[in-house]
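I opened my notebook for a walk through this chain. Here is what I looked up, in the order I jotted it down.

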Amino acid sequence: MAGQEPNLKEAHPCAVRPHRVTGLAIMGSVIHPRRARPTGRSRASLTLALLVAVVGILSGPAFGATRPPNILLILADDLGYAELGCQGSKDIPTPHLDSLARDGVRCTAGYVTASFCTPSRAGLLTGRNQTRFGHELNVVGRQNLDPAIGLPLTEKTLADHLKARGYATGCIGKWHLGATEAFHPQRRGFDEFYGFLHEGHFFVPGPPWTGVTTWLRTNALPPAAGPRLTQGGVTFSTHLKTSEPRYDDHNPTLRGTQPLTEREYLTDALARESVAFIGRHRAEPFFLYLAFNAPHSPMQAPPKYLDRFAHLPDLHRRLFAAMVSAMDDAVGTVLAKLRAENLEEHTLIVFLSDNGGPTAELTSSNAPFSGGKGSFLEGGLRVPFLVQWKGQLPAGKTFAHPVTALDLAPTFLTAASFGVPPLGGPGPAKAGTPNLEGLNLLPHLRGESPLPARPLFWRMGRQAAARDGDWKLFRTGDQPWQLFNLATDPAEQTNLAPEKPAEVERLAAAWAKWNQQNLPPLWGLPPGVRK
Ligand SMILES: [Ca+2]
């Protein structure tokens with residue numbers, strides 16, 4: 001894999017033409033409306049404010065009754081449903097992520113809006129089905145460099161909405177919503193950005209990738225080598241007959257818009273940056289979107305994580321376990337910072353994965369479900385989904401009703417004192433009307449009211465799906481609809497469509513009605529297919 005070396009000297013679209021960004025300033029000095037000095041304040045209230053500030057410095061941030069909570073949204077990349085201790089994993093301890101389930105609510109039927117990275121993220125960050133605005137298909141490699149590809153500028157992000165409420169907003173990790181200037185996170189509502197813009201990234205600079213063990217896919221090896229060949233710290237494997245993408249090409253690590261060489265193992269670095277962000281913004285409401293690229297390929301881990309899994313016989317699995325363990329440590333580091341700043345009970349925390357695990361590629365398990373990344377079977381769409389807000393949500397609760405990443409925007413905006421945003425429609429997002437398509441989950445997770453029954457719908461290329469109650473409707477390509485009962489058949493093994501034609505017709509009609517409001521994909525259609 002020589003030639004993987006990132007060419008940082010070559011112009012990066014964001015680095016070449018640094019742009020002016022509203023609200024972007026030198027790190028740590030972003031000015032927010034809510035922090036502006038009020039005029040006409042009395043001497044007495046100034047004295048009181050000074051007193052509060054002194055107490056705050058001595059004992060941590062002081063919270064008024066009206067201060068909205070911080071929001072910490074943690075996203076894993078390609079983590080399978082079954083790969084956390086709280087999700088049933090037996091071989092990868094994840095105590096810190098498990099603590100979110102122990103101290104919060106574990107949603108066992110948590111869905112994302114697509115089973116690939118960028119459409120799932122577009123739904124998550126806008127609170128709208130990404131098929132409403134053409135962000136339907138995945139984006140890889142050089143596609144990222146196309147200035148026509150990225151989260152459509154007609155859409156507002158969660159960061160846009162929260163920034164308008166005076167939140168400090170930070171994006172740390174993988175972006176994958178457009179890699180050219182107009183789509184940069186700091187133009188999409190984030191004050192600060194640290195991370196990279198494409199679909200993946202190596203975890204240390206290289207080659208050579210020093211200080212880590214590396215596992216790379218390759219489409220062929222010399223016959224004498226067999227299916228694997230290890231040279232130095234790199235193992236090449238033909239198990240998928242494809243080669244590892246050149247993730248780092250034209251894809252430097254950035255602070256804001258400036259490229260840099262990150263020498264710390266990237267998962268550790270994302271924790272470090274998150275801790276620094278929290279420290280900078282401890283005294284004001286913040287929204288931190290921490291989007292790990294772990295455990296997405298390339299598979300790389302340093303000895304401090306690999307050594308925890310010396311008992312696992314297969315290097316492939318050992319590396320995956322080490323990458324998940326590193327992410328768990330990173331989450332633990334961030335949670336410890338919140339505790340140290342006395343912010344834990346003032347922070348709404350959500351953890352989920354952007355799609356199911358690609359089992360053959362990573363070993364990532366989606367048990368008990370079938371399918372994985374890229375599929376609309378449950379294994380592709382159903383993900384670990386944990387919600388913690390100490391003092392506000394129950395601890396140790398399991399919530400089995402279907403919830404979706406679309407619910408997070410209305411949940412966060414409600415928590416951030418927007419009031420409950422009205423349910424939106426499929427039309428374009430407008431200023432001041434988020435036009436969201438999910439539900440505020442807070443009263444339902446608290447058990448104050450039952451979650452209203454509602455169907456969920458999906459479309460990605462030639463795949464389509466719907467879930468209504470226990471029924472799951474699924475179609476791929478030109479195949480007829482299949483129908484599964486998830487209560488009795490979570491692995492979607494028995495197609496009930498032949499014996500339940502009325503149910504198929506009802507759900508297919510509901511899907512078709514939903515689909516009428518979708519736009520054609522903006523990119524990725526095969527040549528000759530009309531948009
Ligand atoms: Ca992913």
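**A helix and what follows**

I started just past helix α8, where N342 takes a positive phi of about 60°. I kept in mind that this is a predicted model.

Then I went back to α8 itself, which covers residues 315–340, 26 residues in total. From its first C-alpha to its last I noted 37 Å, close to the 38 Å expected at 1.5 Å a residue.

**The whole chain**

Next I stepped back for the overall counts. I found 13 helices and 20 strands in the chain. Of its 531 residues, 48% are buried. I also looked up contacts between residues at least 6 apart in sequence: 70% of them join residues at least 24 apart.

**A four-stranded sheet**

Which strands form the open sheet, and in what order? I wrote down β17-β18-β19-β20, with antiparallel pairing. The edge strands are β17 (456–460) and β20 (482–485), each of which pairs on one side only. Neighbouring strands here are turned by 15° against each other on average, direction ignored.

I zoomed in on one pair. Five bridges join β17 to β18 (residues 463–468), and the two run antiparallel. For F457, I found its bridge partner in β18 to be A466.

**The helix on the sheet**

What packs on this sheet? My last entry is helix α13 (residues 501–515), which touches β17, β18, β19 (471–476) and β20. The direction of α13 makes about 65° with that of β19.

Terms used. Residues are numbered from 1 along each chain as its sequence is written. This is a predicted model: local features need pLDDT of at least 70, side-chain atom pairs count only at pLDDT 80 or more; totals for chains, interfaces and linings use all residues. The expected span of a helix is 1.5 Å times one less than its number of residues. A residue is buried if 20 or more other C-beta atoms lie within 10 Å of its own, exposed if 12 or fewer, and partly exposed in between; C-beta atoms are placed from the backbone. Two residues are in contact if their C-beta atoms, placed from the backbone, lie within 7 Å. Two strands pair if DSSP finds at least two bridges between them. Axes are lines fitted to C-alpha atoms, for helices over the stretch in contact, and angles run from 0 to 180 degrees between N-to-C directions.
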